[in-house]
Amino acid sequence: MDLYQKVADKLNELGIKYELVEHPPALTTEQADEFIEGIEGVRTKTMFLTDRKKREFYLVIMDDTKRMDMDLFKEIVGKKVKMASENSLMEKMGLPAGVVSPFGLLNNEDHDITVYFDKEIMDEEKMSFHPNTNEKTIFISTQDLLRYLDDIGYEYHIEEL
């Protein structure tokens with residue numbers, strides 16, 4: 001089963017409606033934004049982070065125009081963090097670089113990734129993500145995204161990032 005189909009099947013199983021936009025491969029958030037111009041919803045970026053010893057993993061979701069304050073995040077989680085390697089991303093979520101999203105959690109067999117949302121985007125009605133491929137973008141309601149995370153057994157934290 002392809003990676004996108006796994007996402008579509010899960011959302012359909014949960015009765016979650018979403019808007020799908022198919023487009024050429026988007027290699028940057030700026031490029032992805034061009035393909036989805038005019039559609040309502042916050043454009044997100046999702047970062048996959050780890051601690052120095054690669055024992056703790058974090059999925060951080062925020063507005064794609066905002067810069068990540070790594071020092072602030074270090075205070076929140078209580079340890080120094082860095083971007084996880086492409087190898088770690090493939091090992092933990094079965095994804096190549098450039099398509100990280102909460103939908104990759106479907107592939108996390110160890111169930112060992114902690115999810116963090118930037119508080120600033122939580123009042124948005126919809127969010128956009130690549131559904132495990134950079135050739136599609138999904139717009140999903142924020143409430144349905146949280147319901148999806150609950151269903152697959154992931155707690156999430158909402159913090160000012």
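Student: Where is Asp 118 placed?
Tutor: Asp 118 sits in strand S5. Keep in mind that this is a predicted model.

Student: Is Asp 118 buried or exposed?
Tutor: Asp 118 is buried, because its relative accessible area is 1% and the cut-off for buried is under 20%.

Student: Which residues does Asp 118 touch, leaving out those up to four places away in sequence?
Tutor: Asp 118 touches Ile 61, Met 62, Lys 66, Glu 159, Glu 160 and Leu 161.

Student: Lys 66 is on that list. Which residue forms a salt bridge with Lys 66?
Tutor: Glu 120 does, and the closest N and O atoms are 3.4 Å apart. The pair links distant parts of the chain, 54 residues apart. Glu 120 is in the loop between strand S5 (113-118) and strand S6 (126-129), while Lys 66 is in the loop between strand S3 (57-63) and helix H3.

Student: Why would two such side chains pair at all?
Tutor: Side chains of opposite charge can pair when their charged atoms come close.

Student: How many salt bridges are found in the whole structure?
Tutor: The search finds 10. One of them joins the side chains of Lys 136 and Glu 22, at 3.7 Å from N to O.

Student: What does the pair of Lys 136 and Glu 22 tie together?
Tutor: Lys 136 lies in strand S7 (residues 136-141) and Glu 22 in strand S1 (residues 18-22), so the pair ties together parts that are 114 residues apart in sequence.

Student: And which counts as buried there, Lys 136 or Glu 22?
Tutor: Lys 136 counts as buried, at 15% relative accessibility. Glu 22 counts as exposed, at 58%.

Student: What about Arg 147 and Asp 144, how do their side chains meet?
Tutor: They meet in a salt bridge, with 3.4 Å from N to O. The two residues are 3 apart in helix H5 (residues 142-151), so about one helical turn separates them.

Student: Buried or exposed, for Asp 144?
Tutor: Asp 144 is buried, with a relative accessible area of 18%.

Student: Take Lys 80. Where does Lys 80 lie?
Tutor: Lys 80 is in the loop between helix H3 (70-77) and strand S4 (81-83). Lys 80 is partly exposed, as its relative accessible area is 45%.

Student: And where does Lys 54 lie?
Tutor: The loop between strand S2 (42-51) and strand S3 holds Lys 54. Lys 54 counts as partly exposed, at 42% relative accessibility.

Student: What is phi of Lys 54 near?
Tutor: Phi of Lys 54 is near 55°, which is a positive value in a residue other than glycine.

Student: Where is His 111 found?
Tutor: His 111 is in the loop between helix H4 (86-93) and strand S5. With a relative accessible area of 40%, His 111 is partly exposed.

Note on methods:
Residues numbered from 1 in each chain as written. Predicted model: local features only at pLDDT ≥ 70, side-chain atom pairs only at ≥ 80, totals over all residues. Heavy atoms only, no water. Helix = DSSP H or I, 4+ residues; strand = E, 2+ residues; numbered from the N terminus. Buried < 20%, exposed > 50% of the residue type's maximum accessible area, 1.4 Å probe, protein only. Salt bridge = Lys/Arg side-chain N within 4 Å of Asp/Glu carboxyl O. Contact = heavy atoms within 4.5 Å.
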